[in-house]
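Here is a friendly note to read alongside the structure. Take the points in order, and keep the 3D view open as you go.

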Amino acid sequence: MTFLVLGILLWWVAHLFKRLAPDTRASLGDKGRGLVALVLLAGIILMVIGYKSAEAYDLAAPHPALRGINNLMVLVAIYMMSPAAKKGVLLNGMRHPMLMGFGLWALAHLLVNWDAASFILFGALLAWAVVEIKVINRAEPNWQPGPKGTLAKDALFMGASIVLMGAIGYVHTIVGPTPFGG
């Protein structure tokens with residue numbers, strides 16, 4: 001669990017660095033982007049290693065219907081993390097669609113993974129998304145949505161989200177439990 005927690009901490013620090021230490025981040029210039037990317041990559045690697053090596057024991061058994069709800073939530077999350085907010089109509093007035101989609105993804109995973117490592121990982125990532133939204137809103141209170149796109153773009157991104165969900169599900173089945181049952 002040490003690697004898991006360390007990876008989560010690196011994720012939080014790298015993402016909040018710009019907001020919590022803006023002068024330090026600005027002094028790094030363009031090189032700071034590479035440094036943040038390396039810290040994020042290290043965090044992701046540590047989270048994966050820590051999660052895969054954690055003892056797997058369920059604290060309780062989730063209801064089988066939650067798998068379908070999880071899959072629907074993940075599909076919506078993928079759509080929310082697409083460019084639909086800038087190019088479509090449906091998400092146009094939403095300030096943080098990517099962060100809210102990420103939070104929805106984490107919440108969906110909490111619905112079906114009832115083990116300690118999952119509670120730590122997905123709970124921490126959900127909490128990060130909420131904190132990140134609050135920090136951004138405090139730093140930039142005057143936000144206005146951009147121009148609306150088209151419903152055709154929404155349909156395009158939903159179609160792409162379905163295809164991406166299938167690809168992610170396929171890879172997920174190879175490296176871990178199948179998200180689609182069976």
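1. Let us begin with a word you will meet throughout. A helix here is a DSSP run of H or I with at least four residues, and helices are numbered from the N terminus. Arg67, for example, sits in helix H4, which spans residues 65–80. Please keep in mind that this is a predicted model.

2. Stay with Arg67 for a moment. Is Arg67 buried, exposed or partly exposed? Buried means under 20% relative accessible area and exposed means over 50%. Arg67 has a relative accessible area of 37%, so it counts as partly exposed. Its side chain reaches the backbone oxygen of Thr178 at 3.4 Å. The C-alpha atoms of Arg67 and Pro179 are separated by 7.2 Å, although these residues are 112 residues apart along the chain.

3. Next, the overall division. The chain is split into domain 1 (1–54) and domain 2 (59–181). Their C-alpha centres lie 21 Å apart. Where the domains meet, domain 1 contributes 13 residues to the contact and domain 2 contributes 20 residues.

4. Now look for the largest nonpolar core, which has 21 residues. Which residues have the most contacts inside this core? They are Trp11, Met47, Leu121 and Leu125. At least two residues of the core come from each of H1, helix H3 (31–53), H6 and H7. H7 gives the largest share, with 9 residues. Both domain 1 (1–54) and domain 2 (59–181) supply residues, so the core lies between them.

5. Setting aside residues up to four places away in sequence, Leu125 touches Trp11, Met47, Phe102, Trp105 and Ala106. Two of these names, Trp11 and Met47, were also listed among the residues with the most contacts inside the core.

6. Trp105 lies in helix H6 and Phe122 in helix H7 (residues 116–139), so the pair ties together parts that are 17 residues apart in sequence. With a relative accessible area of 23%, Trp105 is partly exposed, whereas Phe122, at 6%, counts as buried. Ring pairs link Trp11, Tyr51, Phe102, Trp105, Phe122 and Trp128 into a cluster.

7. You will find His96 in the loop between helix H5 (84–87) and H6. His96 is buried, with a relative accessible area of 10%. Its side chain and that of Asn137 are joined by a polar contact of 2.6 Å. Leaving out neighbours within four places in sequence, His96 is in contact with Ile133, Ile136 and Asn137.

8. Val36 takes us back to helix H3. Its relative accessible area is 17%, and Val36 is buried. Not counting residues up to four places away in sequence, Val36 touches Ala14, Phe17 and Arg25. The C-alpha atoms of Val36 and Lys18, which are 18 residues apart along the chain, are separated by 9.4 Å.

9. Finally, the database record. An unreviewed UniProt entry lists residues 35–53, 102–131 and 155–175 under "transmembrane region". In the model, residues 35–53 are 100% helix and 0% strand, with end C-alpha atoms 27 Å apart. Residues 102–131 are 90% helix and 0% strand, and their end C-alpha atoms are 12 Å apart. The unreviewed UniProt entry also carries the annotation "domain: NnrU" for residues 4–175. That span is 77% helix and 0% strand, with end C-alpha atoms 18 Å apart.

Notes: Residues numbered from 1 in each chain as written. Predicted model: local features only at pLDDT ≥ 70, side-chain atom pairs only at ≥ 80, totals over all residues. Heavy atoms only, no water. Buried < 20%, exposed > 50% of the residue type's maximum accessible area, 1.4 Å probe, protein only. Phe/Tyr/Trp six-rings, centres within 6.5 Å; stacked < 30°, edge-to-face > 60°. Polar contact = N/O pair within 3.5 Å; in protein donor to acceptor, adjacent residues only side chain to side chain. UniProt positions renumbered as here; feature names shortened; annotations may be inferred. Core = buried A, V, L, I, M, F, W, Y, C linked by side-chain atoms within 4.5 Å. Domains from an automatic or database assignment. Contact = heavy atoms within 4.5 Å.
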